[in-house]
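Let's take a walk through a protein together. Have a look at the model below, and then we'll go through some of its contacts.

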Amino acid sequence: MRAVRYVGQGESRLVEMPIPEATEGEILLRLRCCGLCGTDLFKLDSDAIPKGTVLGHELVGTVAALGSGVSAFELGQRVVVPHHVACGECSLCQRGSETLCSTFRENLLFPGGFSEFILVRKRAVAQAARALPASMPDAAAIFMEPAACVLRGIDKANLPAVDIPLKAATTAIVLGCGSMGLLHLLLLRAIHPEIRVAMSDPIPERRRLAEVLGADAACSPEGLADAVERLSEGVGADAVFDTVGHPDIVEKVFPLSREGGSLVLFAHARPGARLALELNDIFKHERQIVGTYSGTLAEQRRVFTLMSSGRLDPTPLVSHQLPLQNFQRAVELASQQKALKILLTPGEGEGTRGAS
Ligand SMILES: [Zn+2]
Ligand SMILES: [Zn+2]
C-alpha cells in the first residue's frame, strides 16, 4: 500500500509500505478520505515529529478486514474513528481532563490517516469507531473529531443557557475564518440557535464565506469593536474564541469581551508566545481565560448526534479534494491559506469544491 511518510524538514513523501494485518479486536480500514488538520500543519512546520511518521487523524474508511472477536462491524461498512481515546480511570480522567490523560496521547491508528489502509487498534474499535448511516456523507463525518474539539471549547466558555430569556442576545466573537473558525460558527449556531456571532479575518474571501454560513458580522480585525458593540447591544461579547494563536490579536480583542465573559484559547501558538493582559481586566471584571485541547468520546457522541439530525452540516467547509500523492500540494495550499478543509483521498486526480 502507499502512505505519506514524513521525511524531515517539513517534507513528506508517498512510499510503499506493507498492508498491516488486523489481529484480535482490531479492524483494517481502506481509506476513503482523511482531512488535513491544523495540528498536522503545525507538526510539519515545527519539525516536531520523528521521520517516518504518517500523519492524519480525521478519517473515514471502509472496513477491509476484521480481527478475531470483532462483531460490532461488518466488511464494507463505512466507519469514522478518532486517533485518541483516554483511559477513563487515571486521576486526570477522573477530574474531567481526559484529553490530558497520558494514555490519550497514544495513536490508535496505524500507520496514520494519510495511508491507503489504516489499522484501528482494539481500544479505538471497542470505544470510539462508528459505522456511518447512509445519510451522512464522508465530507461531514471527517469533522467528528475536529468538531468535538470545538464543542469542548464552547462548553468551557460558560455561555448563558439557551432557555433563559435575555434582554440582549448572547454574543460570541470568533477570531479567524479558517475551517476551525467557521466550524465554531456552525457549532455555536447548532447548539445556541439565537446566538449572534462576530468573526474576524484579514482575508476578504474568508469573511464572505463566514457571512454565507451565517455569521452576523464578518470583519477585518479593526472592524470588530463596532460590530460587537452593535450585535451585543453594548453588553460586550459573552465569549471570545481564538482560532488564530497570535498574542497581538488576542490582546486587542480581549477587552471586547463583556464583564464576566470568557476567552477560550483553541489555537497552536508559536513556542514562547506570551500574552500581555491587564490583570485588573481579569480580576475586577471576573473574566476568565481557558485553554481547550482536543475532544473526548462524549463530545464526539454529541457531534455525531448533531450531524445525524441535520443540525450541524460542516460539508461546506471542504474546499479541496486531493489524492495522497499530492499531499505536499495540500500542505502548501493550507499553509498559504488558499484552502479551508482539504480531504486527501487514495484516488487519482484533483477536485475543488465549494469556496476556498
Ligand atoms: Zn485535527
Ligand atoms: Zn486517563
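Predicted model: local features only at pLDDT ≥ 70, side-chain atom pairs only at ≥ 80, totals over all residues.

How many aromatic pairs does the count come to? The count is one aromatic pair, where rings of Phe, Tyr and Trp (its six-membered ring) pair if their centres lie within 6.5 Å, and planes under 30 degrees apart are stacked, over 60 edge-to-face and the rest tilted. Here the partners are Phe-114 and Phe-327, tilted at 55 degrees between the planes and 4.9 Å centre to centre. They sit 213 residues apart: Phe-114 is in the loop between strands S6 and S7, and Phe-327 is in helix H12. Helices (H or I, at least four residues) and strands (E, at least two) are DSSP runs, numbered from the N terminus.

Residues are numbered from 1 along each chain, chains are lettered from A and ligands numbered from 1 as written, and side-chain values use heavy atoms, without hydrogens and water.

Now for the metal. The zinc ion (ligand 1) is held by Cys-37 (SG), His-57 (NE2) and Glu-58 (OE), at 2.1 to 2.6 Å. Donors are N, O and S atoms within 2.8 Å of the metal (3.2 Å for Na, K and Ca); water is not among the atoms, so sites may look incomplete. Cys-37 is buried at 9% relative accessibility, and His-57 is buried too, at 7%.

Terms used
Buried < 20%, exposed > 50% of the residue type's maximum accessible area, 1.4 Å probe, protein only.
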